[in-house]
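Visitor: I'm new to this one and would like a walk through its strands. Could you start with a term I'll need?

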Amino acid sequence: MTRTHILGFPRIGAQRELKFALEAHWRGDTDAAALEAVGAGLRARHWALQREAGLDFVTVGDFAFYDQVLNHIQLLGCEPARFGFGTGQTDLARAFAMARGVAPAAAPTCCGHAGAAAAPAAAAPHALEMTKWFDTNYHYLVPEFGPATAFDHASSARLFDEVAEAQALGHPVKAVLLGPLSFLWLGKEKQAGFDRLSLLDALLPVYERVLGRLKAQGVEWVQIDEPILGLDLPEPWRQSFERSYWQLARNAPRLLLATYFSPLAENLRLACQLPVAGLHVDAVRAPEELTGVADWLPAHKVLSVGIVDGRNIWRTDLDDALARLRPVAGKHRGELWLAPSCSLLHVPFGLQAEPQLDAELRSWLAFACEKLGEVQLLRRALAGDASAGPALAEARAAIASRRASPRVRRPEVAQRLARRMAGDDRRAAPFAHRQAAQQRRFALPPLPTTTIGSFPQTAAIRAQRAAHRRGALPAEAYARAMREEIDRVVKAQEALGLDVLVHGEPERNDMVEYFGEQLDGYAFTANGWVQSYGSRCVKPPLIYGDVARPTAMTVEWTAYAQRLTPRPMKGMLTGPVTMLQWAFVRDDQPRQQTCEQIAWALRDEVLDLERAGIGMIQIDEPALREGLPLRRAGWKAYLDWAGRAFRLCASGVRDDTQIHTHMCYAEFNDILPEIAALDADVITIETSRSDMELLRGFGGERGLRYPNEIGPGVYDIHSPRVPPVAEMVRLLRKAAAVVPAGHLWVNPDCGLKTRGWAETEAALANMVAAARQMREDLGLGRQAQAAVATETAEL
């Protein structure tokens with residue numbers, strides 16, 4: 001028998017209903033009951049879609065108001081003690097306090113901050129650290145572990161309530177949990193020398209009780225996700241799987257162990273032999289392992305094959321999928337299940353919201369709703385159902401159309417890549433020479449202050465941009481409105497006393513979409529939203545063909561801003577790796593080739609900015625770490641081509657043009673040599689949520705001191721709280737202990753697009769004050785700049 005299911009579904013809704021409900025609640029416009037009602041409505045609709053598509057189960061437990069790992073922190077009762085939660089605070093209020101760094105309110109106010117009975121926002125503990133979910137652009141909240149960590153199975157009933165909801169609607173339920181070893185792996189120790197794996201024995205009984213309660217509710221199957229089986233695990237972690245699952249299986253429903261994103265490799269035999277009732281494997285990322293899984297998995301276990309790509313939006317080649325499935329179906333004598341490779345959280349909701357796409361391009365695509373249909377169609381075709389023939393023929397025609405379309409290939413792009421030469425990705429002079437030239441040109445004070453690029457995008461800005469898009473606001477009127485906003489941003493930065501300014505990016509809808517709209521080879525959806533974290537959604541572009549730049553993209557806006565001020569104005573670009581990672585990328589050529597096409601297009605933009613008089617150019621690469629293969633065997637090849645792509649963008653400029661880059665919300669310490677090899681003059685990184693933990697590696701703890709200049713973020717822009725001056729000074733002192741003063745910059749963690757003006761100005765004022773205090777503490781007035789430069793050059 002063949003069954004069909006999914007590992008998870010997009011939470012945000014067809015029209016981003018969850019986003020708008022969350023933000024209304026945070027503003028204080030709606031209460032918790034109204035938010036819960038929106039959540040219940042979304043779950044009911046999404047379960048109905050799964051059943052209407054013919055799936056055998058609905059998946060329950062994949063919904064979260066903010067993040068699924070945060071849900072597990074509450075389910076398992078390990079909320080960090082530093083938040084000081086007391087009785088009477090709801091699950092929802094505590095979750096948002098951990099996620100946003102704002103104290104839970106007794107009653108919301110119009111600002112969305114705590115009411116009078118609660119602590120002010122500035123006094124609230126900082127939010128949980130946030131980082132990337134494996135190699136995706138989804139951000140999860142990082143559990144905190146230490147010797148005092150305790151677990152409590154009675155902490156949250158949300159999962160069990162949702163199971164009861166689905167059962168009341170008449171659905172057959174498959175519950176989903178993050179497995180205990182992956183939960184521990186994804187967390188962080190908060191005390192030196194502590195090993196979070198030591199918490200496993202305390203955690204497993206809590207999982208047993210959770211599973212026992214699900215079984216008592218009548219749940220037959222529980223999907224238990226252990227994606228870390230696709231990683232290079234230390235031996236103690238590998239050895240912990242067998243004993244853990246023997247313990248869990250004693251009083252559990254039938255367990256479907258789910259892995260995804262990476263080959264199992266040396267963990268394949270282990271995964272097949274664990275005492276579970278079934279195994280899900282990612283046959284998109286690791287198609288070569290299907291035969292091995294079929295060989296090793298006992299006949300009494302279910303084999304769930306992730307055959308439809310849950311990470312990309314291209315229509316499945318059903319003929320190819322069937323060719324891979326048929327030998328497996330013949331070899332594995334047990335039950336076969338079909339599914340997407342991973343949760344559909346990572347793709348947009350459905351194509352029904354994209355009527356503006358041209359028919360040819362639309363025929364190439366499959367979003368979450370369409371992927372439900374693909375899974376079901378594969379089951380029918382595998383069973384020899386003749387009625388599947390017309391649908392298979394339609395899919396076959398779409399695949400052939402894409403392969404033959406003339407819009408996909410551009411001969412001039414291929415010719416440019418063919419002309420590559422050794423050294424074309426290198427700056428002419430070493431960093432020390434460039435640094436001296438840049439110091440002479442800009443004459444900045446020690447610890448110069450700047451921001452990462454974007455400033456608040458108000459409702460008025462968004463309305464003007466929307467009006468211009470639909471033709472209601474003429475081009476000149478729109479340009480005038482954007483120039484007025486740039487004027488405001490520049491004046492505000494000058495009033496705050498920032499040393500290096502930005503134009504604020506009011507004309508940009510998104511740091512990837514804005515550039516992709518001006519490049520050949522890209523297409524865009526109207527409603528192809530994907531959750532990045534919490535209420536933050538992104539609309540990744542579609543790279544369907546060869547990439548080229550027809551004309552300049554940012555020069556006019558940046559040059560206008562520079563004319564408003566004598567202070568340096570940074571040109572702001574998104575780097576080639578991030579342009580690649582944060583898009584749905586064509587799968588008909590190597591990703592390396594697509595990335596280099598983007599790099600050559602951006603190189604043209606960098607040189608145009610320099611010719612326009614812009615002396616500082618920031619090429620953001622927050623996704624560099626995210627693109628790293630999950631298996632170390634693939635790291636070198638990826639880092640070689642990713643590093644080359646970045647350097648291609650920057651290598652054509654003069655010595656006194658300062659190249660910046662920015663990276664955030666990922667673990668960078670394990671690729672420090674490769675980050676240094678990017679040879680950016682200045683790197684800014686997110687460090688405040690981790691309390692400057694990332695900076696230890698950049699300061700030489702792992703044997704490599706970052707050679708160029710660095711700006712560690714001193715406050716978290718994903719929280720509305722305004723950190724006091726003393727807090728930023730404390731972080732700067734930690735930074736100054738490992739980074740030479742002449743190499744140190746002062747900046748926020750990331751862009752300010754999502755923040756309000758009042759909190760932005762207050763936080764930046766505190767940041768400038770903190771920088772000035774640090775200069776005084778270190779004796780670094782302007783008169784000391786020459787001495788600092790000499791000391792830095794010697795280092």
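Predicted model: local features only at pLDDT ≥ 70, side-chain atom pairs only at ≥ 80, totals over all residues.

Visitor: Which strand pairs with S19 over 5 bridges?
Guide: That is strand S17, residues 570–574, and the two pair in the parallel sense; within this pairing, Gly 571 has Ile 617 as its bridge partner.

Visitor: And what does Ile 617 stand opposite in S20?
Guide: Ile 617 stands opposite Ile 659 there, and S19 is joined to strand S20, residues 658–663, by 3 bridges, again with the strands running parallel. Between S19 and S20 the chain passes through helix H23, residues 635–650, in a right-handed β-α-β crossover.

Visitor: Switching topic: what is the strand order in the open sheet of 8 strands?
Guide: The order is S1-S12-S11-S10-S9-S8-S6-S2, with parallel pairing, and the edge strands, S1 (2–4) and S2 (58–60), each pair on one side only. Neighbouring strands of this sheet are turned against each other by 25 degrees on average, direction ignored.

Visitor: How many bridges join S8 to S9?
Guide: There are 5 bridges between S8 (residues 221–225) and S9 (residues 254–258), which run parallel, and Gln 223 stands opposite Leu 256 in S9.

Visitor: Which strands does helix H13 lie across?
Guide: Helix H13, residues 368–382, lies across S1, S11 (302–308) and S12 (336–340), and runs at about 150 degrees to S12.

Definitions and conventions:
Residues numbered from 1 in each chain as written. Heavy atoms only, no water. Pairing = 2+ DSSP bridges. Helix = DSSP H or I, 4+ residues; strand = E, 2+ residues; numbered from the N terminus. Axes fitted to C-alpha atoms, helices over the stretch in contact; angles between N-to-C directions. Contact = heavy atoms within 4.5 Å. Right-handed = clockwise from strand over helix to strand, strands pointing away.
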